[in-house]
Amino acid sequence: MSSWTCTLSTSPLSPPLQQPSPSFTQNPPRKLPSTPSPITTLISKKFEQEPTSETPSAAPGIDTLRSQVRLNCFKDAVFTYMHMTAEGIRPDNFVFPAVLKAATGLQNLDLGKQIHGSVVKLGYDTISSTVANSLIHLLGQCGGSVHDVYKVFDRITQRDQVSWNSLINALCKFEKWDLALEAFRLMGLDGFEASSFTLVSVALACSNLPRTDGLRLGKQVHGYSLRIDDSKTFTNNALISMYAKLGRVDDSRAVFELFAHRDIVSWNTIISSFSQNDQFKEALDNFSFMIQEEIKPDGFTISSVLPACSHLALLDVGKQIHCYVLKNDDLIGNPFVASSLVDMYCNCRQVESGREVFDSSLKRSIGLWNAMLAGFTQNGFFKEALLLFTEMLEFSGISPNPTTMASVLPACVHCEAFTVKEVIHGYVIKLGFADEKYVQNALMDLYSRMGKINISKYIFDSMESKDIVSWNTLITGFVVCGYHEDALILLHEMQTPKINNDCKNDVEFQLKPNSITLMTVLPGCAALVALAKGKEIHAYAIRNALAMDIAVGSALVDMYAKCGCLDIARRVFDSMTNKNAITWNVLIMAYGMHGKGEEALELFRVMVLEGKVKPNDVTFIAIFAGCSHSGMVDQGRQLFRQMKNTYGIEPTADHYACAVDFLGRAGNLEEAYQLVNEMPSKYNKIGAWSSLLGACRIHRNVELGEISARNLLELEPNVASHYVLLSNIYSSAGIWEKANMVRHNMKKIGVRKEPGCSWIEFGDEVHKFVAGDASHPQSEQLYGFLETLSEKMKKEGYVPDTSCVLHNVNEEEKENLLCGHSEKLAIAFGILNTPPGMPIRVAKNLRVCNDCHEATKFISKIVKREIIVRDVRRFHHFRNGTCSCRDYW
């Protein structure tokens, strides 16, 4: 509360107050109690007396008061009102509207309520519609209640058009859109024609309804404005904004183009409409037209057009706009412009330039701090984000808001220096933001990336209302944590009709997956080889015009490739009008995984030749994978040497690991070992040693295997795969004592081997099989079928490779153990449950063992089926007794 109210409460009656200074800033605010002040009570009692000839004239004071209000000197106006009341001048229907406007301008509801009390005591709330209208306006603008607004409105004996406009406007301020539209209907029944002010409020109400209802009623409002020939500029501006918010930007454009008297607000509205509906090129085009018509852009214009530069990666255009800002003094200090510039530079990956804009801003609003924090977080500068947040708390004097925390929480997740990540949740609760939707979404992401998906699910279930971001965040969490089936189940739940708790009348609605949903859930389909579900999502994307989205298209290419449908993946790739580096990388990697190294290399050459998208570090990882799976050692060596000199990409630790893999897999173990030793000391060698250890297992090189394992166990003593590979090397070489010692050490330190799992889709379900597991309903039938099939395979020449059994047991028991491998169970399930001739698609979480690989070749020939198996490294297409990998994997 402000100082002048305190003065109102404590000023003596007798001495007249000095005339206040016309300067607002010379009167610093002071506090006032929310209860009615003694002076107000005394003045009110005095007003209840009949006026006499000795009552001072109000005319000079009224003129001063109204003049101060017109000049927005609201604090001075309140002091004038106090001066008048102290002198015993009775407020009337001229004084009250003016002082109520001053209270509204100062956003002081407590002062307004005290004035309201005087209004009621003097009866002006019923006899003067002007005074009552001013009261309604104050309550709407200063955060009163709907009840109080209706109470004032109902007491007006002679309502006018302004009364109805004030009511509708106040209801819009309270976001009671249905009540505002009902008031508009009753206004017509009461015999009052809507004005431009009415239509502006009603258009705003329509724009905030569900799209179908909003469009239906919004078009009626538009038609009404045409019937009454309301062509005022601000009415048309409201209609442009309404159509844009309802997703009908073409209608916004039509309204904009059909009226002549366009002002700066008109241009800003249409530019903002295009930006908010992702039509960024059109936003920039209209910005250019605006300049051509010699309309000077303001801060709102710049803030609306800069996001278009961000999304189109037009850094040069953004820099030109920045130059324009620097040449205009009224824009330099605009915090909204500064925030948009920071956002633009950070979205164009020019974080340092964004920081320069931030540092040069003298007036840093909460929006500017949030923009810089978001820029750091989105670009992976997590430590810098947390340091800036600390600076904000200690030196800015600005308190964080929910948007701040939504940017800080991801930085906490990914910053390694911030170890006790749950602490930030407690801080959020302390700030009172725990129930804010944006913050809850960020908290779900935090816990899911920590592997605590149960806490994420708890937060999700406790949310009163969930938006599309909430659902997408939890779906992403399930995918990140490897719970792909749960992600698909949640996608189904997302599309079931729900009750909107935000609406008074419990309106039922249905959320529609957007591009983020699809690109998030498609990797789940890929992981589970859920081809039918993936095709269903693809069909949805086509129906809803999402298939051409680069992120969705890239995810579809990846899904089809990982489900074994490389031809379909290529068709989706070729149909995409726009491709980015991710799109190219996904298909290059897909060719490599399917053992088509030559095709992967050819696609890489096409990418370079076209020149639209430059290869990045991931491109070379994909190419090296293709070389590795196809035995293309010479091509791999050549590309590894060319990376820096020809393509300007410095090899990273991952590239060295890939090079070690294609060398070691081809049997060049000494060269691979030498490359590991030549790696720069700053690089982490875990990936390279892992590749060499895997190659030693393939080629049964005990000496280099021991060296690799020794280095790995020093770096990662708790990773089971290192122990397992070393044990496999010893077992394959018949060194059972050392193999058993490795397994004993695993048990001693509590490291457990990941069990082999395989998945196969059938109908609407994905069936999971674990090695040796008998929990599946058809287990007895599957094991019986495999025994019968094994006899047929042996007649065809199959000999079980018992070297794959890493236990020192007899041969018969080893054969029984081989029969229970997860991929064999999944293949048997596919044969028994799908029509003859239909391809069988299986995914496995580990590398396919030698025996299962050999057995599947025989099975494909006996049952006359194509069997597609995707293991942790690559695809195997089994057909007529052969495999696409040509036994090189």
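Guide: What follows goes through the sheet strand by strand, then turns to some helices and loops.

This is a predicted model. First, the setting. The protein chain has 889 residues, and 51% of them are buried. Its secondary structure comes to 48 helices and 8 strands. The accessible surface of the chain is about 42,800 Å². Carbon and sulfur atoms hold 52% of that surface. Take the contacts between residues at least 6 apart in sequence: 64% of them join residues at least 24 apart.

Now the sheet. How many strands form the open sheet, and in what order? There are 6, and the order reads E4-E3-E5-E6-E7-E8. The pairing is mixed. Strand E4 (765-770) and strand E8 (882-883) stand at the edges. Each has a single partner strand, so one side of each is left without a neighbour in the sheet.

The partner here is strand E3, residues 757-762. E3 and E4 run antiparallel and pair over 6 bridges. Ile760 stands opposite His767 in E4. The connection is a hairpin, with 2 residues between the strands. Gly763 sits in that turn with a positive phi of about 65°.

Move along to E6 and E7. Strand E6 covers residues 867-870, and strand E7 covers residues 875-879. These two are antiparallel, joined by 4 bridges. Ile868 stands opposite His877 in E7. Arg870 stands opposite Phe875 in E7. A hairpin of 4 residues links E6 to E7.

What about cover on E7: are its residues mostly buried or exposed? Mostly buried: 4 of the 5 residues in E7 fall in that class. As background, side chains in a regular strand alternate between the two faces of the sheet.

E7 pairs with E8 in the antiparallel sense, over 2 bridges. Phe878 is placed opposite Cys883 in E8.

Most residues other than glycine have a negative phi. The exposed class begins over 50%.

Asp229 also has a positive phi, about 55°, and is not a glycine. Asp229 lies in the loop between helix H13 (211-227) and helix H14 (233-245). At 63% relative accessibility, Asp229 counts as exposed.

Now the helices. Two packed helices are described by the angle between their axes and the distance between the axes. Take helix H9 (residues 146-154) and helix H10 (residues 161-173). The angle is about 175°, and the axes are 11 Å apart. H9 and H10 are therefore roughly antiparallel to each other. On the H9 side, the contact residues are Val146, Val149, Tyr150 and Phe153. On the H10 side, they are Ser163, Trp164, Leu167, Ala170 and Leu171.

A second pair is helix H39 (residues 653-665) with helix H41 (residues 686-699). The angle here is about 10°, with the axes 8 Å apart. That makes H39 roughly parallel to H41. Ala657, Val660, Asp661, Gly664 and Arg665 supply the H39 side of the contact. H41 answers with Gly687, Ala688, Ser691, Leu692, Ala695, Ile698 and His699.

One last residue deserves a stop. Ser273 is placed in helix H16, residues 264-276. Is Ser273 buried or exposed? It counts as buried, because its relative accessibility is 2% and the cut-off is under 20%. A polar atom of the Ser273 side chain lies 2.6 Å from the backbone oxygen of Thr269. Leaving aside residues up to four places away in sequence, Ser273 touches Ile240, Ala244, Val249 and Ser252.

E4 and E8 stand at its edges.

Definitions and conventions. Residues are numbered from 1 along each chain as its sequence is written. This is a predicted model: local features need pLDDT of at least 70, side-chain atom pairs count only at pLDDT 80 or more; totals for chains, interfaces and linings use all residues. Side-chain values use heavy atoms; hydrogens and water are left out. Two strands pair if DSSP finds at least two bridges between them. Buried means under 20% relative accessible area, exposed over 50%, partly exposed in between (1.4 Å probe, protein chains only). Contact means heavy atoms within 4.5 Å. Accessible areas come from the Shrake-Rupley method with a 1.4 Å probe; for residues, only the protein chains shown count as cover. A polar contact is a pair of N or O atoms within 3.5 Å; within protein, one must be able to donate a hydrogen and the other to accept it, and residues adjacent in sequence count only if both atoms are side-chain atoms. Axes are lines fitted to C-alpha atoms, for helices over the stretch in contact, and angles run from 0 to 180 degrees between N-to-C directions. Angles under 35 degrees count as roughly parallel, over 145 as roughly antiparallel, 65 to 115 as roughly perpendicular and the rest as oblique.
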